[in-house]
Amino acid sequence: MTDPIADYLTRLRNAIKARHRIVEIPASNIKKEITKVLFDKGYIQNYKFDETGVQGTIKVALKYNPVTKQPAIVKLERISKPGLRKYKGATELPRVLNGLGIAILSTSKGVITDKEARVLNVGGEVLCYVY
């Protein structure tokens, strides 16, 4: 697998389209950090790291609106790819939907959102957009 983050986002996207409640994803440290960010920002309902086996898995409980049954995540978009990495400085961080969505960045301070990166005044690799 050449791009595990794209695989992670695709598994989430496919589970949302199929209206699944829980999706299992092979674990890695960067995927765990992205999952924590999605949970902290309210895009997923819950998560659990299962350490059995060589690699382990991440079980993600997806979040839906109880009345309209619409998913909390409308779109997941991969930005920085293995063939073309996208780095942004602290002053040129992207705004997703005028601040309604989030950009997830990998920085020297860890995996954080664009808003947290502006506060900390750090730049980094733009992994994906979520809204």
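1. The protein carries 23 positive and 12 negative charges, and their mean positions lie 6 Å apart. Lys and Arg count as positive, Asp and Glu as negative, with His and the chain ends not counted; each charge is placed at NZ of Lys, CZ of Arg, CG of Asp or CD of Glu.

2. This is a predicted model, in which local features need pLDDT of at least 70 and side-chain atom pairs count only at pLDDT 80 or more, while totals for chains, interfaces and linings use all residues. Residues are numbered from 1 along each chain as its sequence is written, and side-chain values use heavy atoms, leaving out hydrogens and water.

3. Three helices and eight strands are present, in the order α-β-α-β-β-β-β-β-β-α-β along the sequence. Helices (H or I, at least four residues) and strands (E, at least two) are DSSP runs, numbered from the N terminus.

4. Of the 131 residues in the protein, 40% are buried (under 20% relative accessible area, with a 1.4 Å probe and protein chains only). The C-alpha trace spans about 40 × 40 × 25 Å along its principal axes.

5. Among contacts (heavy atoms within 4.5 Å) between residues at least 6 apart in sequence, 60% join residues at least 24 apart.

6. Helix α2 covers residues 29–40, 12 residues in total, and reaches 17 Å from its first C-alpha to its last, close to the expected 16 Å. That expectation is 1.5 Å times one less than the number of residues. Its buried residues are Lys31, Lys32, Ile34, Thr35, Val37 and Leu38. After α2 comes Gly42, with a positive phi near 85°.

Definitions and conventions
Buried means under 20% relative accessible area, exposed over 50%, partly exposed in between (1.4 Å probe, protein chains only).
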